[in-house]
Amino acid sequence: MKLKKLLKSGIALGLCLGLSACSGGGASSNTSGESSKAVESGDSKEAKDGASGKEIELKIPTYLAGENVGATFFLPQVERFNEKYAGKYKVVVEEVVQDSYAEKIKQLAGQNKLPTLVHSPGSGGIDTQWFKQVILDNDMAYDLTDFAKEYPDVSSSWIEGSKEFCTVDGKIICNPLIVLRPIGLYYNESLYKPEKDIRDMSMDEFISGLGDNKLAFMTSENAWTSSLMLAALIANEEGGVELLNNNTSEKLWDYNTPVMVNAVGKLQKLLQNNASSNTVGAAYADAANAFMSNNAALICNGSWMASEFNEDAKDKWSNGFDGKDVKTTIYPGNVALANPKAYGDFWISNAASDEQKEAAKAFLAFRGSKEEIEAYILAEGGNAPNIKHSDDFLNKLKENNILYQLDQSMNADTKFVATLGDILPASVADTEFGKLLPKLIDNSLTPEQFCAELTKKAQEAKQ
Amino acid sequence: MSSKRKMAASKLERKNYKWIYLFLLPSFIVFVTFYIQPIFTVFYTSFTKWDGFNKPKFIGLTNYINMFGNTAFRYSLKNLLLWSIIAAVLHVGFGVLVAFAIFKKPYGWKFTRAVFMIPNVISAAAWAMIYRFMFHDDMGMINNLIRKINPDFHVQWFYQSPFAFIAVTLTWLFYAVIVTLIVLNDLFAIPGDLFEAARVDGASDFQLIKYIQLPLCRNAIGTSIIASITARVAMYEQIALTTAGGPGDDTMNLPVILVKSIMDLKYGYANANGVIMFILGLFILWLINKLFKMNESVY
C-alpha cells in the first residue's frame, strides 16, 4: 500500500516537475530557439577566451550567406578576415534567411540577447521605426565615436550624409556608409535601342520612345521593380526630388499631392501599356525571369544584378537572351536612386562584452579598409566618393563592362534621390503598395484614388 | 444495498480526491500558464499603446475605436461572414456527403477515405504554395485547362478582383476530411437495430437518411460547423502566402491584420484584434450550440 502511494506521488511529482522544466526552458529560449542559445553560449565562451588571451570568436547571424546574392562577396571576405587575424579573432557566420532576419533580431532584442554585430535598419527587413523606438530609445547601440578615432582611415572614408544620419545625440550609432550603390535600370539592346542615353532624356521622351517594349514590373512581394520606377517618376516631377529626399527621417504619410498623383498616373500608363505580360502577381524572380527570357526589354534594379549577365550565370537565361546585350544606365532626367541618409551597414550591440566589441570593431575596420572597399565595388558595384582609387583598380573596373557603364552614367549633375522604401512606412512599402497595384492596372482605382488609399493605409499604420 | 454501494462509492471518491487533484495539477498548470495567462495579457494590453518592447501605456478603448474605423477590418468582417456561410453550407455539406457515401461502403471506400485524408497531412503553407502554381496564369493547370476552351483566357487568380476571393476560397473548400471523419464516426455508432426496424417498416434509403442518420448525426454536424467556421476566423497561411489580403483589401482577414499590426509595432492594436477573434470564436460556439441544440441528447 505504501509502495502504491509512493509510486502515485512520484508520478504526479514527475509530471509537475517535467512540465515546469519544459515551461522554464521555453521561457528562456522562447521563440528564438536554438539561434539565441547559440549566440549566448558563443558570447560567454568568447568572453572567457578573450580574458585568457585566446582567439576571440565573433558569431554573426547574417542573411548574407547561403543562396543570398550578397554571400558571394561577404563569405570570402569573412575568410580573408579570419586568415588575417588567425589566432586573434575569428568570425563565424550563422546563416539566417533574409525574410526571417528582422524577426529574429526583434525577438533577440526583446530578450536582451542581441548578437554583437547587427545589420543596420534598411537592410534585412529591419525597419527604421523599430530601430528608433526600441534600440535607440533604450540605448542598445554602441557608440562608434571612439572607433572613428581609433581607425581614422576608415572614418575618413565615411560618406558625410550617412555619418550625419548615423549620429544621434552626439553618438555614432551605426557604421556609416562608405560606398553608395546607385540604382539605375538595365535594358536589352537587342530589343530596345534608345535614340540617346536614357539619362539625357526627359521622362516623357523616355515613355513615348518605349514603343511596344516591355518593362519587367512586379506587383507581388514588395513590388520592388515597380517601386523603383515610381521613385524615378516622382523625381522627374516638379518638387519630386525634395519630396523624396526630405522625408527619409520622419517618413512620408500623405500621398495626396500633385507630385505623387502625377507620378502614379504615369506609372499606371506604363503598367497598362508597357508592362511584361506576367506583371500582375509577379514576384522578383518572375520579373528577373521576364527580363532574362527576352519577354521584357527593361528592368529597374541595382548593380547587384550585374552578375546575372555574366557568362557563368547563363543557366538562368532562356528564349535567346544573351547577357552581352544588356546595357545599364540611370533614369531619365539624370536621376539615380541612392540614399546617403541611411544607417550604414552594421551596428554593435551595447550589451556585448568588451572583447566582443573589440572583435566587432576589428571586423568593421577590416571591411572599411581601402582594399576591401575596392574589392566590394568590383564585385557588387558602387561608388566610394571619399576614397582615392588606384589606376589598377580603375582598370579592373573597366573590365567589368556593366558596372563601369553604370559608374560612367553618373556625372556632376546627377540627382540622387531616395527610394520609396526609404520614405514610406514599412508596412506600406513592403505590402500595401504592391497589393494596390493590380487595382491601378485594371482601372479599379484612379491615380487620385490610389494615392488616397495608400494615404489611408499609412495613417492606419501610424495610429 | 444500493444506498450502501452509493455511500461506499462516495467514500472511495472522497479518499481519492487528493489523488484526482494531484493528477489534475499538471493540466491545471498548463492551462493557466499557456492559456489563461496569455489570454489575460491579450485582454489587458488591448487597452494599451504598446510597441512590444517598452512599457504598455493605457489608452482605453482607442484601439477598438480605430479598429472599427479601419477599412481593412470592415472588409475582414465581411469576408469572414461570407466564408462562414460557405464553410457551413458547402464545406461541411461536401464533407457530410462524402461521409454518407463512404458509410455505404462502396467498392474502394477505404482507399477513398485514405486519399481524402492526404491534404490534411500536408501543411497549409505548402498547400498555399501549390495553389499559387495551380492558379498561375502562364504555367498554372487551371488556366491552361480553361484555355483549351477559351484560348484568350488570362486571369491572375490571386491578384485580380473578384477572382482573388474565389481562389482563396478554393484553397480550403474541398478539404473537408475532418468533417467526414467526425460524421462518419457518428454514423458508425448508430445501432444497427434502428436500420433493421426502419427497413421492416418499409423505409427507403432516402427516408433512412432523412429520419435516422441525419438527426442522429446532428451533434457531429454541429461540431463540424463550429470547427470549420473557427478555422476561417484563424485562417492565416492560405491568405498570407497567396494574396496577403489583396488586391486592395479584397481577401483581408483578422489574422493578416494582426500580423501586419505587429509589423507596424502596434502590439496593443494587434491584441485588440485578437480579442475580437476570441469573442467571435465564443459567439460562434454559442450560436451553433443553440441552433443545433447540441446540449440535448440525440437518442
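**View 1. Residues 20-44 of chain B are 100% helix and 0% strand**. The end C-alpha atoms of this stretch lie 33 Å apart. Helices (H or I, at least four residues) and strands (E, at least two) are DSSP runs, numbered from the N terminus. The model is predicted: local features need pLDDT of at least 70, side-chain atom pairs count only at pLDDT 80 or more, and totals for chains, interfaces and linings use all residues. Residues are numbered from 1 along each chain as its sequence is written, while chains are lettered from A and ligands numbered from 1 in written order.

**View 2. An unreviewed UniProt entry lists "transmembrane region" stretches in chain B**. UniProt positions follow the numbering used here, feature names are shortened, and annotations may be inferred rather than shown by experiment. Residues 115-135 of chain B are 86% helix and 0% strand, with end C-alpha atoms 22 Å apart.

**View 3. Chain A touches chain B through 29 residues, which meet 31 residues of chain B**. Contact means C-beta atoms, placed from the backbone, within 7 Å. On the chain A side, H1 (2-29), H5 (128-136), H19 (426-441) and H20 (447-462) each supply at least two residues. H19(A) gives the largest share, seven residues.

**View 4. Chain A is assigned domain 1 (35-180 + 342-389) and domain 2 (184-337 + 410-462)**. These bounds come from an automatic or database domain assignment. Six residues from domain 1 of chain A and five from domain 2 of chain A make the contact. The domain centres, taken over C-alpha atoms, are 30 Å apart.

Technical notes: Two residues are in contact if their C-beta atoms, placed from the backbone, lie within 7 Å.
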